[in-house]
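I am opening a notebook page for this chain and will write down each thing as I look it up. I start with the overall picture and then turn to single parts.

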Amino acid sequence: MPTAAIKICGISTAASLEAAIRARAAHIGLVFFAKSPRAVSPVQAAQLSARAADRIGRVGLFVDADDALLGEAVGAAKLDALQLHGSETAERAAQLRARFGIPVWKALSVATSDDVTRANAYAGAADVVLFDAKTPKGALPGGMGLSFDWGLVANWKGPLAWGLAGGLDPANVAEAIRLTGAPLVDTSSGVESAPGVKDEARIAAFCAAVRSA
Ligand SMILES: O=C(O)c1ccccc1NCC(=O)[C@H](O)[C@H](O)COP(=O)(O)O
């Protein structure tokens, strides 16, 4: 099985960006959602993005964002992909892919097998579906360190590329990959010492664990 690609989400400092690059992650996530402890402004994102250019992929994370925010962020941060982490429909995903001309990742919150089946609707509209845990009503829609039953996506064979997110950390990610065969894994709070504070040693440990799987 090829090594899973790694995304470290919620990067907000140059030090954590450098840690992700050193650990050979494939992508960082920049969070454009004001309620998140990991939120970056377009100006911060532009600075991080300039540092990241040609060294690691830059994925912008949005939650039901309007066109103005998306346009400002894509322009400022030269994003390589959009991650839609709200209730965006397949039509909205396709519209944004056409408008910005970059790949779209659609995060889907999973609690049951029906939630996994919803991924099929995004074939041809998004490029990647990211299965993440369902979070409690009123909480952030991601980045909460919650996982779901990995058996629901074990060896998923769907009509688009996919990744696994939700509660992954250095201690469980190898097992998650072994159980699911996920070609892409995404973590945020699992490599933090406090909400929004990335831990360089945990980033390194996470990436080493992925390569050991
Ligand atoms: O990170 C956030 O604060 C966040 C806010 C709103 C929507 C999504 C958010 N994060 C998503 C991610 O960082 C990951 O894609 C994924 O959910 C994994 O998070 P975690 O369970 O903390 O590893």
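How far apart do the end C-alpha atoms of residues 6-207 lie? I find them 7 Å apart, and the span is 31% helix and 22% strand. I note that this is a predicted model, in which local features need pLDDT of at least 70 and side-chain atom pairs count only at pLDDT 80 or more, while totals for chains, interfaces and linings use all residues. Residues are numbered from 1 along each chain as its sequence is written.

**Entry 1, the record.** The unreviewed UniProt entry annotates residues 6-207 as "domain: N-(5'phosphoribosyl) anthranilate isomerase (PRAI)"; UniProt positions follow the numbering used here, feature names are shortened, and annotations may be inferred rather than shown by experiment.

I count seven helices and 10 strands, taking both as DSSP runs numbered from the N terminus (helices are H or I with at least four residues, strands are E with at least two). The radius of gyration, taken over C-alpha atoms, is 16 Å, close to the 17 Å that the globule rule gives for 213 residues, so the chain is as compact as a globular protein of that length; the rule is 2.2 Å times the number of residues to the power 0.38. Buried residues make up 46% of the 213 residues, where buried means that 20 or more other C-beta atoms, placed from the backbone, lie within 10 Å of the residue's own.

Which residues of helix α6 (residues 173-180) are buried? I list Val173, Ala176, Ile177 and Thr180. Seen down the axis of α6, these buried residues fall within an arc of 95 degrees, so they line one face of the helix; the arc is that of the directions from the helix axis to the C-beta atoms. The buried residues of α6 pack against β7 (161-165), β8 and α7 (200-212), with contact meaning C-beta atoms, placed from the backbone, within 7 Å. After α6 comes Gly181, whose phi is positive, near 70 degrees.

I find Ser16 in helix α1 (residues 14-22). Why does Ser16 count as buried? Ser16 has 22 C-beta neighbours inside 10 Å, and therefore counts as buried. Leaving aside residues up to four places away in sequence, Ser16 touches Ile11, Lys198, Glu200 and Ile203.

Technical notes
A residue is buried if 20 or more other C-beta atoms lie within 10 Å of its own, exposed if 12 or fewer, and partly exposed in between; C-beta atoms are placed from the backbone. Two residues are in contact if their C-beta atoms, placed from the backbone, lie within 7 Å.
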